[in-house]
Amino acid sequence: MTLLRVRGFDVCKGYLEPARQAVLIEALRPVLKAAPLFSPKVRGGGQMSVRMTSAGQFGWYSDGSGYRYAEQHPKGQKWPAIPEAVLDIWRDLTGLERQPECCLLNYYGEGARMGLHQDKDEADFSFPVVSISLGDDGLFRIGNRTRGGRTESVWLNSGDVVVMGGEARLAYHGVDRIRFKSSRLLPKGGRINLTLRVVT
Ligand code: SIN
Ligand code: MN
């Protein structure tokens, strides 16, 4: 593992070895079965290119009227529990007593991207967000705490884990593109990003 610090983002390169990445994918299968991926709408009505779902007490949800955390999948069922193998990463890296209440799962298929945004739907920004990358490489862009200004980009590869805490917690960030089929972790290609969040 190599620790890169980019504008307060702790980028743990190669944090998860391939065997552990495969264990995580197995642990996510039942989550995806219980809470299938959906395509959230953005404000204004367009559709995000990323598909998503969640595990935990809360899931992140977006429709035409805005962004929020919801206690149910859009189909009406409760979100499945966050797998222990995922929680272990949170515990290892943050050492916190408090456990995350949401594990947002973003799936980037070919051509998917995520515009620059802040994670600010949570109640307490003193808790970090932990982001786990699995599958294809993603070009992660890091901006500032306000819109605009210079940005810096870093490729996130399968097994990299980023901790966004402190000054980085409210920084703009996004994913410009992925290198589709650059990894063989997911048989059909694509990138999974998990973000662990304390919500309340
Ligand atoms: C996110 O900001 O929700 C996702 C970041 C990523 O895909 O690396
Ligand atoms: Mn985010």
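The questions below cover a metal site, a helix pair and salt bridges.

The model is predicted, so local features need pLDDT of at least 70 and side-chain atom pairs pLDDT 80 or more, while totals for chains, interfaces and linings use all residues. Residues count from 1 along each chain as written, chains are lettered from A and ligands numbered from 1 in written order, and side-chain values use heavy atoms, without hydrogens and water.

User: Which residues coordinate the manganese ion (ligand 2)?
Analyst: Donors are N, O and S atoms within 2.8 Å of the metal (3.2 Å for Na, K and Ca); water is not among the atoms, so sites may look incomplete. Their spacing along the chain is H-x1-D-x53-H. The coordinating residues, at 2.2 Å, are H117 (NE2), D119 (OD) and H173 (NE2).

User: Is H173 buried or exposed?
Analyst: Buried means under 20% relative accessible area, exposed over 50%, partly exposed in between (1.4 Å probe, protein chains only). H173 has 4% relative accessibility. So H173 is buried.

User: Which residues in α1 meet α2?
Analyst: Helices are DSSP runs (H or I, at least four residues), numbered from the N terminus. Contact means heavy atoms within 4.5 Å. On the α2 side are A85, V86, D88, I89 and D92. On the α1 side are R20, V23 and L24.

User: How many salt bridges does the structure hold?
Analyst: A salt bridge is a side-chain nitrogen of Lys or Arg within 4 Å of a carboxyl oxygen of Asp or Glu. One of them joins E122 and R169, with the closest N and O atoms 2.9 Å apart. The count is 15.

Note on methods:
Helices (H or I, at least four residues) and strands (E, at least two) are DSSP runs, numbered from the N terminus.
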